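Q: I am new to this one and would like to talk it through slowly. Could you take my questions as they come?

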Protein chains: 2
Amino acid sequence: MKMSKMLMPTLREVPNDAEITSHQLMLRAGMIKKMSSGVYNQLPMGLRVFKKIEAIIREELEKKGCQEILCAGLIPAELWKESGRWDVMGAEMMRLKDRNARDFCLGPTHEEVFTDIIRQEINSYKQLPLNLYQIQVKYRDERRPRFGVMRTKTFTMKDAYSFDVDEAGLDKSYQDMFEAYTSIFARCGLENSPVQADSGAIGGSTSAEFMVKSEVGEDEIVFCSGCDYAANIEKAESVNTVPAKEEMRELNPVHTPGVHTIEELETFFNVSADKFAKTLIYEADGKTVVVLVRGDREVNEVKVCNAIGEVIEFDLAREEIVNELTNAEVGFAGPIGIKADYIFIDKEVAEQSNIGVGGNKTDYHIQNANYGRDFEGVVGDFRNVQKGDKCTCCGADLEIARGVEVGHIFKLGTKYSETMGANFIDNDGKSKPIVMGCYGIGVERTAAAIIEQHHDENGIVWPLAIAPYQLVVVPVNIKKAEHMEAAQNIYSELQAMGVEVLLDDRDERAGVKFKDAELIGIPMRITVGKDITEGKVEFKLRDADEKELLTLEDIKSRVESEFVKNNVKLG
Amino acid sequence: MKMSKMLMPTLREVPNDAEITSHQLMLRAGMIKKMSSGVYNQLPMGLRVFKKIEAIIREELEKKGCQEILCAGLIPAELWKESGRWDVMGAEMMRLKDRNARDFCLGPTHEEVFTDIIRQEINSYKQLPLNLYQIQVKYRDERRPRFGVMRTKTFTMKDAYSFDVDEAGLDKSYQDMFEAYTSIFARCGLENSPVQADSGAIGGSTSAEFMVKSEVGEDEIVFCSGCDYAANIEKAESVNTVPAKEEMRELNPVHTPGVHTIEELETFFNVSADKFAKTLIYEADGKTVVVLVRGDREVNEVKVCNAIGEVIEFDLAREEIVNELTNAEVGFAGPIGIKADYIFIDKEVAEQSNIGVGGNKTDYHIQNANYGRDFEGVVGDFRNVQKGDKCTCCGADLEIARGVEVGHIFKLGTKYSETMGANFIDNDGKSKPIVMGCYGIGVERTAAAIIEQHHDENGIVWPLAIAPYQLVVVPVNIKKAEHMEAAQNIYSELQAMGVEVLLDDRDERAGVKFKDAELIGIPMRITVGKDITEGKVEFKLRDADEKELLTLEDIKSRVESEFVKNNVKLG
């Protein structure tokens with residue numbers, strides 16, 4: 001492509017509203033253009049990158065026998081009502097009515113639609129296993145779209161769904177997808193780690209997220225310094241740290257005027273935070289929820305919601321609710337005598353003797369509370385892992401890093417097939433629900449993660465497999481016939497070889513052209529300048545400092561060697 | 001692909017709800033699956049066909065220097081309000097609100113979005129011309145979805161937009177797209193005719209539709225038997241047929257009790273329909289519209305709307321409106337003395353002497369009415385062309401055929417750039433509005449049109465360039481090792497050659513496999529049966545009756561020859 005004919009609006013300045021590197025560079029390289037909050041148009045450079053990622057996804061999935069289909073994005077409400085998710089999905093699901101006032105949604109995910117297709121077409125074990133996928137636009141009305149294409153209202157997703165006769169089949173399908181994902185992200189040049197994850201609204205038993213470690217990631221990942229345990233913070237567990245059992249002492253109410261926070265308690269009583277329990281009060285779909293964790297811990301709200309079951313709205317309780325439950329001002333809630341729809345107690349609190357708690361009376365706390373004797377509730381893991389906690393697998397220290405989720409795989413089991421009646425006749429003649437898995441990759445987000453891992457101060461440094469164009473030919477001065485002619489010839493020859501090549505035939509200074517090529521991240525650059533009189537050109541890799549002087553005859557083999565080195569096919 | 005692993009739900013029976021051949025065959029060949037009225041999911045066989053069409057579109061557009069982008073389907077209302085179309089688009093545009101109650105629509109077309117991108121990025125004539133396209137899902141809430149993928153609520157459209165400095169540039173861009181479209185439809189195996197068309201809600205001056213003649217087409221096309229004039233019935237014109245002028249006679253009211261229709265008038269007065277004028281009364285956005293055409297003619301409502309300007313709601317007037325305007329029952333409307341917001345008189349009526357009209361009085365008609373003396377109004381072409389009318393270009397007979405619109409190209413001019421402020425600085429230093437064109441192709445509809453033109457009693461007969469798979473290898477009996485082994489080998493070798501090949505390894509009778517292959521329309525079939533003992537297989541083209549016996553050595557060259565013959569690239 002000749003750059004003079006392209007829509008390629010590069011920017012020198014960093015846009016004000018872009019906080020993270022990938023967002024800044026996508027805007028500066030002219031890849032995307034914002035239309036509305038969380039809604040982007042994809043310009044030529046961006047679209048080419050996204051299509052490269054899609055092509056890699058297709059290749060790796062088809063190696064595993066997956067077949068591509070394409071479902072409509074406009075989904076009748078009936079299907080979501082059948083699965084029960086029409087009401088479960090909150091404001092994130094975009095809903096609309098057609099001219100006949102029928103309800104539809106714009107698919108935020110497609111479990112229902114795939115299950116509906118399958119229940120109509122599959123009736124025998126002979127037709128299974130099957131793995132269907134699509135690469136399609138999803139709609140999610142994010143509360144807070146941000147970070148460019150990382151979190152948007154509309155984005156491209158590859159979603160795959162596997163259909164098996166039993167759990168063993170699902171294990172195989174899940175493993176196949178695990179391998180495919182590993183290959184896909186490796187080919188994208190991403191260092192990534194699969195981590196255990198919470199299944200969230202999708203449901204199901206086992207799930208893993210493919211996380212790209214990145215300081216700008218919205219997720220926290222817990223990983224072990226001693227073994228390969230890794231999990232999303234929402235899911236991660238650690239060994240309980242509990243001091244030795246003491247004999248239970250008597251409850252001791254203490255007047256603590258103005259002492260509300262754990263820090264104030266530490267000062268007032270002159271003991272450390274782990275000697276107290278925090279009592280937090282939430283509202284979950286109108287029900288009251290009391291949660292206790294130790295004073296040095298944070299509540300893990302996902303674990304709490306999972307313990308309740310399906311929860312749509314979950315938030316800290318309003319002041320009047322706290323007042324009502326505790327008969328006190330905010331800041332003095334405690335477990336003793338409290339009544340709520342749910343009471344959850346973190347294991348560490350349950351196991352610790354003589355813990356300090358709120359008094360359920362304004363300006364009072366109580367010392368020496370003991371689970372079982374003084375208060376009751378459902379005991380479990382309701383806390384976040386913290387750095388330095390011990391691994392439940394090997395006992396080594398746990399670390400915490402930030403990550404971007406680029407893929408997510410789920411064992412759904414029979415959640416959808418049972419509610420929607422997707423059954424098959426097994427070889428024993430019995431009707432059974434199909435066992436399902438589902439598997440997603442965010443396309444634009446993967447591109448953003450690649451940029452987070454592959455950039456320098458001058459711009460993007462695309463891996464050859466992902467670059468929008470693989471090579472740019474830069475004539476130093478387009479007004480010099482010898483520059484332009486040679487550049488044109490090189491451009492045509494490389495094109496004929498199957499290289500995706502740009503010719504920077506713009507009437508700009510060489511410096512401007514170099515800057516744009518670096519910003520956009522083209523992996524190879526051939527500069528045609530004064531050396532052309534001796535039949536030589538300059539060859540430079542985007543990720544190398546040195547320039548090489550090549551004869552015209554050597555260009556092809558030099559370029560070819562980069563394709564071999566990067567394991568990328570020509571043409 | 002091995003057919004035993006595929007989702008390929010073929011049907012022997014013709015589905016009840018499918019009226020036209022392409023719809024029946026798409027369902028029977030397992031290409032598509034209905035999810036809701038006018039909403040289809042695309043199964044593997046369908047998606048592959050649609051992607052073939054998309055690939056051809058991309059190749060031909062890129063030959064013309066067009067660049068692909070991808071706009072979001074979710075469009076903020078602001079852009080449509082700027083262009084003025086938020087109110088103009090009726091119930092066909094699907095609208096929704098986000099969680100913050102901001103208005104969006106699902107793009108039925110993308111003039112506003114492309115104009116918005118361009119006005120932000122283009123400021124100099126040096127950046128023009130430019131032609132951008134996307135292949136994207138469109139949403140149109142059709143009043144009456146029907147004929148499978150021919151008329152749906154959501155479908156894939158290639159829409160391109162050209163941006164030029166002046167009309168001459170637009171002419172060139174329009175011509176380029178005209179040529180690209182001609183190549184695209186030819187490569188799709190479609191006999192098609194570009195016809196003059198009305199520009200409708202898109203606006204602009206010149207427009208042409210690419211029509212595939214088909215008995216099931218929803219459009220009527222007028223074409224000349226003598227020259228290459230062709231136009232959509234909405235736009236088509238014909239020579240006025242007017243009898244010789246007579247001297248004006250005196251108005252003669254006649255008592256015509258119970259005589260309402262043209263047929264009843266013919267009988268009552270014993271003269272032919274062309275001696276009367278029909279007076280039709282419409283409501284257009286609350287205004288009254290009177291239209292006169294001759295008794296043997298039909299009103300062309302598109303021409304009437306164009307004469308008014310922008311019209312959203314247009315329908316025959318309610319009875320009370322007719323009564324009010326005519327002071328009479330329905331059936332006696334006439335032009336004499338009538339008052340309305342608009343009065344349109346077809347040229348034939350205006351030119352004819354002593355015509356019969358309704359009396360604007362119940363049970364009365366009036367003879368010898370003459371335009372100018374007895375009634376007034378805007379004179380123009382407000383009638384449909386009829387078969388046998390004469391061509392305005394050459395005078396030969398006009399014919400009428402039905403057609404399917406697969407593409408539509410428009411000269412928009414500055415309609416959008418002026419309302420939305422998409423200007424550039426020309427080389428004379430002056431700011432001017434960008435001159436635009438827009439160009440659409442319906443992808444699924446093109447596939448349906450191909451089927452309408454390429455099928456027989458056994459199923460689809462895909463052109464090699466469009467077929468979901470190009471060849472199927474059928475082992476007659478999968479339990480015979482020599483059949484399966486040879487079939488596997490042929491399958492692998494053809495795959496390695498780059499042929500898109502199916503292996504029908506299903507445990508079915510050969511007859512079932514042949515029927516499926518014919519139904520799906522695979523262009524080439526290789527059958528491995530008893531002749532394999534002599535190293536021979538049967539080769540059959542889908543569109544030929546005879547079978548050829550080939551040695552194993554000859555297979556590759558025989559297959560290759562079909563690619564050459566059909567001008568389709570391998571791999």
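Q: Which residue of chain A forms a salt bridge with B:Lys33?
A: B:Lys33 pairs with A:Glu121, and the closest N and O atoms of this salt bridge are 2.7 Å apart; the term stands for a side-chain nitrogen of Lys or Arg within 4 Å of a carboxyl oxygen of Asp or Glu. Before going on, please note that this is a predicted model, in which local features need pLDDT of at least 70 and side-chain atom pairs count only at pLDDT 80 or more, while totals for chains, interfaces and linings use all residues. Residues are numbered from 1 along each chain as its sequence is written, chains are lettered from A and ligands numbered from 1 in the order in which they are written, and side-chain values use heavy atoms, with hydrogens and water left out.

Q: How many salt bridges are there between chain B and chain A?
A: The count between the two chains is 4. The side of chain B that touches chain A has 29 nonpolar, 8 polar and 16 charged residues, where Ala, Val, Leu, Ile, Met, Phe, Trp, Tyr, Cys and Pro count as nonpolar, Asp, Glu, Lys and Arg as charged, and the others, Gly among them, as polar.

Q: And how many residues are in contact there?
A: On chain B 53 residues are in contact with 53 residues of chain A, contact meaning heavy atoms within 4.5 Å. Together the chains bury about 4600 Å², with 61% of that on carbon and sulfur atoms; buried area is the accessible area (1.4 Å probe) that two parts lose on being put together, summed over both.

Q: Which three residues of chain B supply more of its buried area than any other three?
A: They are B:Leu7, B:Met35 and B:Arg99, which supply 15% of the area that chain B buries against chain A.

Q: Changing topic, is B:His23 buried or exposed?
A: B:His23 counts as buried because its relative accessibility is 5%; buried means under 20% relative accessible area, exposed over 50%, and partly exposed in between (1.4 Å probe, protein chains only). B:His23 is found in helix 1 of chain B, residues 21-28, helices (H or I, at least four residues) and strands (E, at least two) being DSSP runs numbered from the N terminus.

Q: What does its side chain make a polar contact with?
A: The side chain of B:His23 makes a polar contact with that of B:Tyr40, at 3.2 Å. The term means a pair of N or O atoms within 3.5 Å; within protein, one must be able to donate a hydrogen and the other to accept it, and residues adjacent in sequence count only if both atoms are side-chain atoms.

Q: Where is A:Lys411, and what does it pair with?
A: A:Lys411 forms a salt bridge with A:Asp171, with the closest N and O atoms 2.7 Å apart. The pair links distant parts of the chain, since A:Lys411 is in strand 21 and A:Asp171 in helix 6 (residues 167-187), 240 residues apart. A:Lys411 counts as buried at 13% relative accessibility, whereas A:Asp171 is partly exposed at 38%.
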